[in-house]
Amino acid sequence: MNNPMLNNLMSGQMNNEMMKNQENLNNNRQNQINERNNQIDNIIKNYPIENLSIVDSESTIKYYLYPNIEFTEEEDNNSKVLLVIGQSGHGKTTFINALVNIYLGITINDTFRYLLVLNENNNQTQSITKEITIYKIRPKKGLNFPPLILIDTPGFGDTKGEKEDKNHLEQFRDFFKSNLIMDVNCVLYVVNSTNSRFGENDKRILDYLMNLFSKNLKENFVVWATHFTPENKF
């Protein structure tokens, strides 16, 4: 005999079990990634980038040059502007550092890496970047890369809660009003691929940010998945 209450109960138990199994699987994957990263850290040495100069240390928006010479008008006109956003602990800082190493000609065979953004507290639950930061990066001579204007932003969803997220969103609003950057070629939203789906916090942040962007910029919006291993499922 078909019992709706019993069926609903069994369905709920199955869903809870599936969610628990998925959570355990995600945790195991993250542990494997952390172990692999620790092994790499024992071989590869990290060094802070030298010749990185700050333009205005008093402003709420940090502004750095590498090397410490302002872009020429031609470099500004030919540069590509990348705005990087994402939640705390999803790999935004790791991505930025990896990208800058490519620009500086560092290869997989080198035994060292440069760090543009330093993770001093090594706490993935808190945002490393506290204010919107602009980096103007020249590629290594001989590499066919355009000058890069990289905009690093505070991470959302850290342990300080929704109030801190609102402060970060206000920084975005003030940044776009400041006209320090007139054009953005790409908005990169960094997500952790071990998370099987977007959460409510992701949706809320994206809705707000998309309202700040021009209609044309929305077409240049890209999602970048980090912590990826071949067995990850989206």
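How many of the 7 residues of β8 are buried, and what encloses this strand? In the model, 6 of these 7 residues are buried (under 20% relative accessible area, with exposed meaning over 50% and partly exposed in between, for a 1.4 Å probe and protein chains only), so β8 is largely enclosed by the rest of the structure. The structure is a predicted model in which local features require pLDDT of at least 70 and side-chain atom pairs count only at pLDDT 80 or more, whereas totals for chains, interfaces and linings use all residues. Residues are numbered from 1 along each chain as its sequence is written, and side-chain values use heavy atoms, with hydrogens and water left out.

The protein chain contains 6 helices and 9 strands, taken as DSSP runs (helices H or I, at least four residues; strands E, at least two) and numbered from the N terminus. Buried residues account for 37% of the 234 residues in the protein chain. Of the contacts (heavy atoms within 4.5 Å) between residues at least 6 apart in sequence, 73% join residues at least 24 apart.

An open sheet is formed by 7 strands in the order β2-β3-β6-β7-β4-β8-β9, with mixed pairing; two strands are taken to pair if DSSP finds at least two bridges between them. β2 (53–54) and β9 (221–226) stand at the edges with a single partner strand each, so one side of each lacks a neighbour in the sheet. β8 pairs with β9 in the parallel sense over 6 bridges; V187 has F221 of β9 as its bridge partner, and Y189 stands opposite V223 in β9. α5 packs on the sheet, where it touches β4, β8 and β9, and its direction makes about 175° with that of β8.

β4 likewise has 6 of its 7 residues buried, so this strand is largely enclosed by the rest of the structure. β4 and β7 run parallel and are joined by 5 bridges, with L148 in β7 as the bridge partner of K80. The pairing of β4 with β8 is also parallel, over 5 bridges; in β8, L188 is the bridge partner of V84 and V190 that of G86.

The largest nonpolar core comprises 25 residues, of which L83, I85 and I181 touch the most other members. Such a core is a set of buried Ala, Val, Leu, Ile, Met, Phe, Trp, Tyr and Cys residues joined through side-chain atoms within 4.5 Å. Two or more residues are given to this core by each of β3 (62–66), β4 (80–86), β7 (148–152), α4 (162–178), β8 (186–192) and α5 (200–212). Beyond its neighbours within four places in sequence, I181 contacts V81, I134, I149, I151 and F175. Another core, of 19 residues, lies apart from the largest one and includes L82, I96, L104 and I106.

Two packed helices are described by the angle between their axes and the distance between the axes. The axes of α4 and α5 come within 10 Å and cross at roughly 15°. This makes α4 roughly parallel to α5, a description applied to angles under 35 degrees, with those over 145 roughly antiparallel, 65 to 115 roughly perpendicular and the rest oblique. Axes are lines fitted to C-alpha atoms, for helices over the stretch in contact, and angles run from 0 to 180 degrees between N-to-C directions. At this helix pair, E162, D165, L169, E170, F172, R173 and F176 in α4 meet N201, R204, Y208, L209 and L212 in α5.
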